[in-house]
Amino acid sequence: MSGTNELYVKLKEKASARERTIRLGQVAELWCSRPAEKQRWQRLVLAQVPPGGKHRYVFSALEVLAKIQAEDPKVSVTFLGASDTVVDCRKKPEKHTWLLHLKTAAVCTVTFVGAAFAIMTFNSDVDVSSIFRNLYQLATGEASDGRTVLEWTYSLGLFLGIVIFFNHVSKLQVTDDPTPLEVQMRKYEQDVTTAIIQNEDRQEDGVDVS
């Protein structure tokens, strides 16, 4: 076995190819028993993207194996990880700092307004203001004007609770764990990747449902 050329291929679930040529090194991590040949396998062409072609392509481990065997039938190939990979072939968009800031401001505004509306409707449903007035009067014997220590601490507690829970502000992060937003975004990406692969399989079998 010492003379066998072994190649281990770990396909990525999702990969990017900014050029029209999709190469093995862009969609997989490689390990070769002959390190000198690693670059050769990384440059192996899997497909050429035609002008005006699709933005996403799906490659199965079997398709990749066929390309490798066509290049060198004697190589021993072992696959690890995902059995399919989704390749995004769109060119990297040009960065427009002003446009990025504008989008960020718009998203923040919509999120802030939506969150504020949700909090206000919740407080209105459970009549928090009435509860605070009663508590303040029971504790102090005086009528509340709606701007007491209860309202201030409640508002501050909401802010701190949101910051700590979402754990997304770099300078205020409590732990290095992924934030709830990042977890949900990764779940969404996984669902999209799974849907793309299943759609590809259905189209090949002629049982796609639209």
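The following questions and answers go through a predicted model of one protein.

Residues are numbered from 1 along each chain as its sequence is written. In this predicted model local features need pLDDT of at least 70 and side-chain atom pairs pLDDT 80 or more, while totals for chains, interfaces and linings use all residues; side-chain values use heavy atoms, with hydrogens and water left out.

Student: How many helices and strands does the protein have?
Tutor: Helices (H or I, at least four residues) and strands (E, at least two) are DSSP runs, numbered from the N terminus. By that count, the protein has eight strands and seven helices.

Student: What percentage of the residues count as buried?
Tutor: Buried means under 20% relative accessible area, exposed over 50%, and partly exposed in between, with a 1.4 Å probe and protein chains only. The protein has 210 residues, and the buried share is 24%.

Student: Is Asn123 buried or exposed?
Tutor: Asn123 is found in helix H4, residues 97-126. Its relative accessible area is 18%. Buried means under 20%, so Asn123 is buried.

Student: Which side chain makes a polar contact with the side chain of Asn123?
Tutor: A polar contact is a pair of N or O atoms within 3.5 Å; within protein, one must be able to donate a hydrogen and the other to accept it, and residues adjacent in sequence count only if both atoms are side-chain atoms. Contact in general means heavy atoms within 4.5 Å. Not counting residues up to four places away in sequence, Asn123 touches Val128 and Tyr154. The polar contact, at 2.8 Å, is with the side chain of Tyr154.

Student: What kind of aromatic pair do Phe132 and Tyr154 form?
Tutor: Rings of Phe, Tyr and Trp (its six-membered ring) pair if their centres lie within 6.5 Å; planes under 30 degrees apart count as stacked, over 60 as edge-to-face and the rest as tilted. A search of the whole structure finds two aromatic pairs. For Phe132 and Tyr154 the centres are 5.4 Å apart and the planes are at 75 degrees, so the pair is edge-to-face.

Student: How many residues apart are Phe132 and Tyr154, the two members of this pair?
Tutor: Phe132 is in helix H5 (residues 128-140) and Tyr154 is in helix H6 (residues 149-166). Phe132 is buried at 13%, whereas Tyr154 is partly exposed at 26%. The pair links distant parts of the chain, and the separation is 22 residues.

Student: What distance separates the C-alpha atoms of Cys32 and Tyr8?
Tutor: Cys32 is in strand S4, residues 28-32, and is buried at 5%. Beyond four places in sequence, the residues Cys32 touches include Leu7 and Trp41. Tyr8 is 24 residues from Cys32 along the chain, and their C-alpha atoms are separated by 6.3 Å.

Student: Which side chain is joined to that of Ser83 by a polar contact of 3.1 Å?
Tutor: Ser83 lies in the loop between strand S7 (76-81) and strand S8 (84-88). Ser83 is partly exposed, with a relative accessible area of 48%. The side chain joined to that of Ser83 belongs to Asp84.
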